[in-house]
Amino acid sequence: MKIAVCEDNQAEADWLKKVIGEWAAFNRRDVQVSCYSATEHFLFDYEESCFDILFLDIQMPGEDGISLARKLRKKNDPIPIVFVTGMDEYISEGYEVEAVHYLVKPVKEEKVKECLERIAGMPFMVLGTEDGVYKVLQKDIIKIEVFAGQCFYTTTHGKYAVVQSLKQAQKDLGLGCFVECHRGVLVNLCHIEAVEHNRVLLTGGLEAPVSRRLYGKVNEAFIGYFRKIL
């Protein structure tokens with residue numbers, strides 16, 4: 001696991017690196033931590049390094065953390081971002097760039113470790129396309145459709161075409177929160193906003209068809225999922 005820490009205060013960057021190291025040792029995980037004192041330093045390494053987590057101070061010299069996060073999301077990079085800051089007024093902007101968590105200084109050690117546990121436990125898929133190989137969190141997948149021997153993954157960060165069957169996609173997903181709503185179509189329950197008789201309404205104004213055969217199953221799964229999280 002590769003973790004980036006963008007923090008201009010050296011003492012605080014060293015402290016975060018130490019806490020992450022303790023968590024890694026306790027959980028027997030191989031973790032590499034790279035610290036950056038400015039966002040441009042991080043961007044210099046960004047293209048060559050595939051980071052799994054970014055701890056990002058909002059108030060940085062030069063370009064601030066929010067601007068950096070927006071750049072990453074514009075590139076369709078789904079990297080989990082944990083904002084670290086001395087001010088809580090940026091929380092709404094943190095939601096805009098889909099930050100996983102928001103830590104207000106002085107940060108408590110247990111909060112850092114809770115973030116690491118949460119992110120490390122997030123299931124993901126590795127998608128091989130014509131353009132490259134991408135690591136995508138399952139929670140970011142909105143729907144999967146099969147056509148002409150390819151699975152088309154629509155995610156919150158972009159679309160990916162993978163040469164595989166829907167059966168293989170279901171196997172890779174394991175026991176995730178996905179349900180088949182139509183022949184050759186899977187939808188993520190956490191992205192369903194409404195179930196109608198002939199379609200499901202999804203995040204971002206998207207939709208998918210629902211067959212009469214599968215309507216009852218989809219409706220039951222949708223209701224059951226939200227009963228669990230409420």
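Contact here means heavy atoms within 4.5 Å. Angles run from 0 to 180 degrees between N-to-C directions, with axes as lines fitted to C-alpha atoms, for helices over the stretch in contact. Helices (H or I, at least four residues) and strands (E, at least two) are DSSP runs, numbered from the N terminus.

A word on the source: this is a predicted model, where local features need pLDDT of at least 70 and side-chain atom pairs count only at pLDDT 80 or more, while totals for chains, interfaces and linings use all residues. Residues are numbered from 1 along each chain as its sequence is written, and side-chain values use heavy atoms, with hydrogens and water left out.

Two strands pair if DSSP finds at least two bridges between them.

Let's walk through the pairs. Strand 1 (residues 2–6) and strand 2 share 5 bridges in the parallel sense, and Cys 6 has Tyr 36 in strand 2 as its bridge partner. On to strand 3: strand 1 pairs with strand 3 over 4 bridges, again parallel, with Leu 54 of strand 3 as the bridge partner of Ala 4. Strand 3 in turn is joined to strand 4 (residues 81–85) by 4 bridges, running parallel, and here Phe 55 has Val 82 in strand 4 as its bridge partner.

Is strand 3 buried or exposed? It is mostly covered, with 5 of its 5 residues buried; buried means under 20% relative accessible area, exposed over 50%, and partly exposed in between (1.4 Å probe, protein chains only). Both faces are covered: Ile 53, Phe 55 and Asp 57 sit on one side, Leu 54 and Leu 56 on the other.

**Helix 2 against helix 3**

Back to helix 2 (residues 39–46), which also packs with helix 3 (residues 65–74) at an angle of about 20°, their axes 10 Å apart. Helix 2 brings Thr 39, Phe 42, Leu 43 and Tyr 46 to the contact, and helix 3 brings Leu 68, Lys 71 and Leu 72. By type, these residues divide into 5 nonpolar, 1 polar and 1 charged. For that count, Ala, Val, Leu, Ile, Met, Phe, Trp, Tyr, Cys and Pro are nonpolar, Asp, Glu, Lys and Arg are charged, and the others, Gly among them, are polar.

**Antiparallel pairings**

Strand 12 (residues 185–188) has Val 185 and Val 187 pointing one way and Leu 186 and Asn 188 the other, and all are buried. In the hairpin of strand 11 and strand 12, there are 2 residues between the strands, and Gly 184 takes a positive phi near 80°.

Further along, 3 strands form an open sheet in the order 13-14-15, with antiparallel pairing. Strand 13 (192–195) and strand 15 (207–209) stand at the edges with a single partner strand each, so one side of each is left without a neighbour in the sheet. Neighbouring strands of this sheet are turned by 20° against each other on average, direction ignored.

Here are some antiparallel pairs:

| Strand pair | Bridges | Residues standing opposite |
|---|---|---|
| Strand 8 (residues 141–147) and strand 12 | 3 bridges | Lys 143 and Val 187 |
| Strand 11 (residues 178–182) and strand 12 | 4 bridges | His 182 and Val 185 |
| Strand 14 (residues 199–202) and strand 15 | 3 bridges | Val 200 and Ala 208 |

Most residues other than glycine have a negative phi, and most peptide bonds are trans. Arg 28 has a positive phi near 55°. It lies in the loop between helix 1 (10–26) and strand 2 (32–36), and at 81% relative accessibility Arg 28 counts as exposed. Ala 148 has a positive phi too, near 50°. Its place is in the loop between strand 8 and strand 9 (150–155), and Ala 148 counts as exposed because its relative accessibility is 70%.

Where is the cis peptide bond? It joins Lys 105 and Pro 106, with omega about -5°. Pro 106 lies in the loop between strand 5 (101–104) and helix 5 (109–120).
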